[in-house]
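Please find below a colleague's note on the model under discussion. It is set out as numbered points for reading alongside the coordinates.

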Amino acid sequence: MIIDFASYIIGSPWNLPPALVFYVGAAFLLFSKYLPAPLILIATPTVGLINLITMENSARLNTELLSYSVELIYIDELSFLFGILFHIAALFSAIYALKITDTRQHVSAFIYVGSALGAVFSADLLSLFIFWELLAISSAYLIWVQGTRKANQAALRYLFVHVISGLILLAGAILHIHKTGSIGFIDIDLTGTAKWLILLAFGIKCGFPILHSWLPDSYPQASPTGTVFLSAFTTKVAIYVLARAFVGTEVLIYIGAAMTMFPIFYAVIENDLRRVLAYSMINQLGFMVVGIGLGTAMAMNGAISHAFNDVVFKGLLFMSMGAVLHTTGRINGSDLGGLYRKMPMTTSLCIIGAASISAFPLFSGFVSKSMILTAALDEGYVAIWFLLLFASAGVFHHAGIKIPYFAFFAHDAGLDAKDPSWNMLLAMTFAAVICIVNGCYPYLLYSLLPYPVDYRPYEWSHVVSQLQLLLFSALAFAWLIRSGTYPPELRSVNLDVDWIYRRGIKSFGSNALLVFDRTTRHLMFIFRIVADHRLNPLVHHLKQHGVFARTWSISFTVLCIITLLLAYLVHFFLYT
Amino acid sequence: MDSSKPGIFYQPRTIRRILAILHLACAGLFLSDLIFYRHVVDPIEEIVGFYGLYGFIACWLLVILAKLMRRILMRGENYYDN
């Protein structure tokens, strides 16, 4: 394997595996005493970006793992676009985190970015699984590093959910490999149980309804800089793999529509503004999932370009809220307000992000989201289109208006604050420029898309209908605020699905364990009496042709081990 | 900057102006449907001011339902800490 790598890298010096660039960057951060950390932080994504842009289309890196041939670089339009996106996100996140002195944060962030790139460029299930797990572990550290008790617990829950997602992916992959004999992930044709297991694993990372609660649970607990990294990669890797393996899967249309709808209600009543953004992220992912489910060229273009724009504008919004948290130490809507005079730059940049996520004409969301809505209508999914339109109005309401309004305007909380350091402002400006460029001149982004784009966003009908939707939503907000009907920001917790494993199962589980313990004790007592008398007939199960002496297939054994691991994980999570 | 003076966005005059502009823009967009042709795919889009009406109703409904949701789902800030 090492020889494979060495000969490949020596053979063509610029065709480096994108993941490797970041892993080397992480190693430099960890071990280099002479190179300053900010230099490595900027240089790594830059070198990675040049490497990717100059990479030959035919670049392939095959190597061997566990007697399977695995492919670590697979380039086509889809992986290339996500590759470019992840490098851009890594660059602005790294600039944002430039002044953080804790090297461990940078190291785990780079391993995280590298693993996301590894997953995007891997062409087989085996390497995808490995990067999938590395993604989980490295990102959990970004939550852990905050150091508070709440963050520690949230990180543990986050890791728990993602390791389970990995195990389910492994189980699905094993079933698929066993059935087809192929480990390839590109143009994969999934069927039966393997298909549903892999969809479930992807769905957990993508925030499907009911499986979503790790997202609003953990992201608001990470450090201000950590959340910026987190928001860019995990869920977009999930979108990428769905776009690879589940194009045109109809159930995704309904799942996606549900994802666009339910989080907006939570976002309206949530007080923690970073949690509002986390809910809003599920809402945006929903649009992409609908696009993938529709599977037409227009819908796929919409889903993929929206993933690109979402990483940038959501990054910008998380950065602006991070700046507020960083300078004031507060992030609840009930504690904030009136900051626009003290943080004018942050306010303006946040408004650009808010306009982009709301899909205002001339801002990035407009040129991508509208493709998904148009595709839904073109394909005759009128009810879904109605829901998506509702969610579009909703997202403007909670992310477009609520976030800037409660942080920077509303009642003046009289907080002492100022705009953050130059590097944070630079990172936000970088993201804001991309939002505006993609909004005003979408053809650069369109040229990177996998299908030819037959869509002109700036037509009278599109612009007027979108402006009507948004401005009348703003009117509703204004009337609701003026009439005092709008729900005030309250210090509170809103129950979500995570209640089941944070409260429900634990109380149910400890009672069940007590009952189980008592019952087994009684049973063992009876068993011992019976066994003493009738032990002999059991012996033959252990003999040559007995149940316990049979050989089991490797895949069955591995499935058993995975089940055991899962059971252990659940037990560990609940009773430690 | 004189911090004792209310900021520009807290002065009643500014708020009145912003609201007036918003109302005018909405009225203009609504009326534009009467004058200009808007390309439609589904017949329901032909209703004059359809997008505006839908956006307004959606937001109103969103807030009312979310307020109802609060009654069921809202707990104290330290709910999970105990």
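The points below take up the basis of the note, the chain interface, the domains, the salt bridges and one tryptophan.

1. Basis of the note. This is a predicted model, in which local features need pLDDT of at least 70 and side-chain atom pairs count only at pLDDT 80 or more, while totals for chains, interfaces and linings use all residues. Residues are numbered from 1 along each chain as its sequence is written, chains are lettered from A and ligands numbered from 1 in the order in which they are written, and side-chain values use heavy atoms, with hydrogens and water left out.

2. Extent of the chain interface. Chain A gives 60 residues and chain B gives 55 residues to their contact, where contact means heavy atoms within 4.5 Å. The two chains, B and A, bury about 5400 Å² between them, and 70% of this lies on carbon and sulfur atoms. Buried area is the accessible area (1.4 Å probe) that two parts lose on being put together, summed over both.

3. Polar features of the chain interface. Eleven residue pairs are in polar contact between chain B and chain A, both residues being at pLDDT 80 or more. A polar contact is a pair of N or O atoms within 3.5 Å; within protein, one must be able to donate a hydrogen and the other to accept it, and residues adjacent in sequence count only if both atoms are side-chain atoms. Zero salt bridges are found across this interface, a salt bridge being a side-chain nitrogen of Lys or Arg within 4 Å of a carboxyl oxygen of Asp or Glu.

4. Strand pairing between chains. Strand β3 (residues 493–494) of chain A pairs with β1(B) in the antiparallel sense over two bridges. Strands are DSSP runs of E with at least two residues, helices are runs of H or I with at least four, and both are numbered from the N terminus; two strands pair if DSSP finds at least two bridges between them. B:Arg75, in β1(B), is the bridge partner of A:Val493.

5. Domains of chain A. The assignment gives domain 1 (1–240), domain 2 (247–486) and domain 3 (535–568), with bounds that come from an automatic or database domain assignment. Seven residues of domain 1 and six residues of domain 3 make the contact between these domains of chain A. Their buried area is about 600 Å², of which carbon and sulfur atoms give 91%. Between domain 1 and domain 3 of chain A there are zero salt bridges.

6. Salt bridges. Over all chains the structure holds nine salt bridges. Among them, A:Arg104 pairs with A:Asp102, with the closest N and O atoms 3.1 Å apart. In another, A:Arg275 pairs with A:Glu270, at 3.8 Å between the closest N and O atoms.

7. A:Trp552. This residue is found in the loop between α21 (536–539) and α22 (554–575) of chain A. Leaving aside neighbours within four places in sequence, A:Trp552 is in contact with A:Val547, A:Thr557 and A:Cys560.
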